[in-house]
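My notes follow in the order I looked things up.

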Amino acid sequence: MSQLTRWLDLPPVWLAGMIVGAYGLDHIFPGLGFGWGWSRWLGNVLIVVGLGAMGLAVWEFTKARTSVIPRQVPTAFLSRGIYRLSRNPIYLGDAMVLTGFVLRWDVLPALVLVPVFVWIITSRFILPEEAGLRAQFGQAFDDWSGKVRRWI
């Protein structure tokens, strides 16, 4: 895998692509929205909460002095803070932000992008990351993953 390909195959790039896709679907299928007056408000809340979850997770990475970049060997096992609630708070935050934009822009067809994003992130990042954590931290990872759900 080339250096460019490695940088293009990162979760924020996938998230940005899905957000652009949602925006594009709004132009391809205009007017196919929910029509809910409160969807814009709920979308904004999801975006803010998703960004907050990401921020809290990055804070834990920073405190532990380990890399937040996927596919790097972890130097610390994070199980405190927001990691007591979700094994993947950054990816959960990404999904919330994507869902938030879909609701904010009122783009019903773009809802399909949320499970597609979750599937891509799970297969390309979460499963390999969990295998790496299990190899690096063994029983500590198994104990934690038995108590904390993958998403929420």
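This is a predicted model: local features need pLDDT of at least 70, side-chain atom pairs count only at pLDDT 80 or more; totals for chains, interfaces and linings use all residues.

**Salt bridges first**

I started at Arg-71, which is partly exposed, with a relative accessible area of 39%. I then looked for the partner of Arg-71 and found Asp-9, the two side chains meeting in a salt bridge at 2.8 Å, N to O. Asp-9 sits in the loop between helix H1 (3-8) and H2, and Arg-71 in the loop between H3 and H4, so this pair ties together parts that are 62 residues apart in sequence.

Is Asp-9 buried or exposed? I looked it up: Asp-9 has a relative accessible area of 6%, and because the cut-off for buried is under 20%, Asp-9 counts as buried.

Asp-9 also has a salt bridge to the side chain of Arg-124, at 2.4 Å, N to O. Arg-124 belongs to helix H5 (residues 113-137) while Asp-9 is in the H1-H2 loop, so here the parts tied together are 115 residues apart in sequence. I noted Arg-124 as partly exposed, at 35% relative accessible area. Put together, Asp-9, Arg-71 and Arg-124 are linked in a network of salt bridges.

The structure holds six salt bridges. One more that I wrote down joins the side chains of Arg-134 and Asp-142, at 2.7 Å, N to O. Arg-134 is partly exposed at 39% relative accessibility, and Asp-142 is partly exposed at 30%.

**Arg-87**

Next I went to Arg-87, in the loop between H3 and helix H4 (89-105). Arg-87 is buried, with a relative accessible area of 13%. What does its side chain reach? A polar atom of the Arg-87 side chain lies 3.0 Å from the backbone oxygen of Ser-145. Neighbours within four places in sequence aside, I listed its contacts as Glu-130, Trp-144, Ser-145, Val-148, Arg-149 and Arg-150.

**Helix H3**

I checked the length of H3: at 1.5 Å a residue its 26 residues should span 38 Å, and the end C-alpha atoms are 37 Å apart, which agrees. Its buried residues include Gly-43, Leu-46, Ile-47, Gly-50, Ala-53, Met-54 and Ala-57. Residues three or four places apart on an α-helix point the same way, because there are 3.6 residues a turn. The buried residues of H3 pack against H4. After H3 comes Arg-65, with a positive phi near 55°.

**Surface patch**

Last, I looked at the surface. Ile-28, Phe-29, Leu-32, Leu-108 and Leu-111 form a nonpolar patch there, with about 440 Å² of accessible area together. Phe-29 lies in the loop between helix H2 (11-28) and helix H3 (39-64), and is partly exposed at 39% relative accessible area.

Technical notes: Residues are numbered from 1 along each chain as its sequence is written. Side-chain values use heavy atoms; hydrogens and water are left out. Patches are made of residues with over 30% relative accessible area and no salt bridge: like charges are joined within 9 Å, nonpolar side chains (Val, Leu, Ile, Met, Phe, Trp, Tyr) within 5 Å. Accessible areas come from the Shrake-Rupley method with a 1.4 Å probe; for residues, only the protein chains shown count as cover. A salt bridge is a side-chain nitrogen of Lys or Arg within 4 Å of a carboxyl oxygen of Asp or Glu. Helices (H or I, at least four residues) and strands (E, at least two) are DSSP runs, numbered from the N terminus. Buried means under 20% relative accessible area, exposed over 50%, partly exposed in between (1.4 Å probe, protein chains only). A polar contact is a pair of N or O atoms within 3.5 Å; within protein, one must be able to donate a hydrogen and the other to accept it, and residues adjacent in sequence count only if both atoms are side-chain atoms. Contact means heavy atoms within 4.5 Å. The expected span of a helix is 1.5 Å times one less than its number of residues.
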